[in-house]
Amino acid sequence: MTALHIERAGARTQPLMEVTMSGTGSSNVVAMVVSGAISGNLIDVAMSTTSTGNVIDVDMDAAVGAKCIYIDSGAGTRTAALIDILADGDGNSDVFNIDVSNTGAAALFDINWSGASSGIGIDLDISGAASGNFMDLDVGAVAYTGDILSIDLGATATGSQAIVIASGNMTRTTNLIDVTESGTASGNMFDLNVGAA
């Protein structure tokens, strides 16, 4: 039977459940421990009506030394994706939207790959007849001095190639690589510096 059941109806002006904590300590506010093999979801949320509120809304505020979400995969042989998103709608909203105004030196995405893996670091596959750009990068009217793409193979990746482009066995109707220079540039379009024999 259900251990805890909460049901509401009508327009509310106060939270249905509210936890306020002003004390200090190292214990968890809410702890969930599952020691048995279950097939159901630990937390299941179904938004079955038209709603404009956020499902999960987190404001870190002054907790600058705390992580918002931390996931430990368990160091086991995984048989399912750790994070899986199904976006099968027909709307014009983004799957991910990140607005960054940080002026520090931290990276937007920082991936540290230290395992001896034979898999692909980032795998992008197109299996539908789409007309939009797969990757689109637009540098606006700003004084941007960083490189758009910087690749450094180091001194030990002697068996790696920086960029590989394979067109496949097809009859091409467009350019494989298209470079358009429309500005009054004083630099070279291509600059190759070979410093080794």
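For the counts below, Ala, Val, Leu, Ile, Met, Phe, Trp, Tyr, Cys and Pro are nonpolar, Asp, Glu, Lys and Arg are charged, and the others, Gly among them, are polar. With that sorting, the lining of the largest pocket splits into 15 nonpolar, 5 polar and 4 charged residues.

A quick word on the ground rules. This is a predicted model, where local features need pLDDT of at least 70 and side-chain atom pairs count only at pLDDT 80 or more, while totals for chains, interfaces and linings use all residues. Residues are numbered from 1 along each chain as its sequence is written, and side-chain values use heavy atoms, with hydrogens and water left out.

**The chain as a whole**

The protein chain has 0 helices and 0 strands (DSSP runs: H or I of at least four residues, E of at least two). Its radius of gyration is 25 Å, well over the 16 Å from the globule rule for 197 residues, so the chain is more spread out than a compact globule (taken over C-alpha atoms; the rule is 2.2 Å times the number of residues to the power 0.38). Along the principal axes, the C-alpha atoms fill a box of roughly 75 × 40 × 40 Å.

Buried residues come to 0% of the 197 (buried is under 20% relative accessible area, exposed over 50%, partly exposed in between, with a 1.4 Å probe and protein chains only). Of the contacts with a separation of 6 or more, 0% join residues 24 or more positions apart (contact: heavy atoms within 4.5 Å).

**Pockets**

A pocket here is an open set of points on a 1 Å grid where a 1.4 Å probe fits, with protein on both sides within 12 Å along at least five of seven lines; lining residues have an atom within 4 Å of a point. Volume is the space filled by probe spheres set on the points.

| Pocket | Volume | Lining |
|---|---|---|
| Largest | about 2200 Å³ | 24 residues |

Ile122, Leu124, Phe134, Met135 and Asp136 lie nearest the centre of the largest pocket.

Asp61 has a positive phi of about 50 degrees without being a glycine, and is exposed at 66% relative accessible area. Ala75, also not a glycine, has a positive phi near 55 degrees and counts as exposed at 80%.
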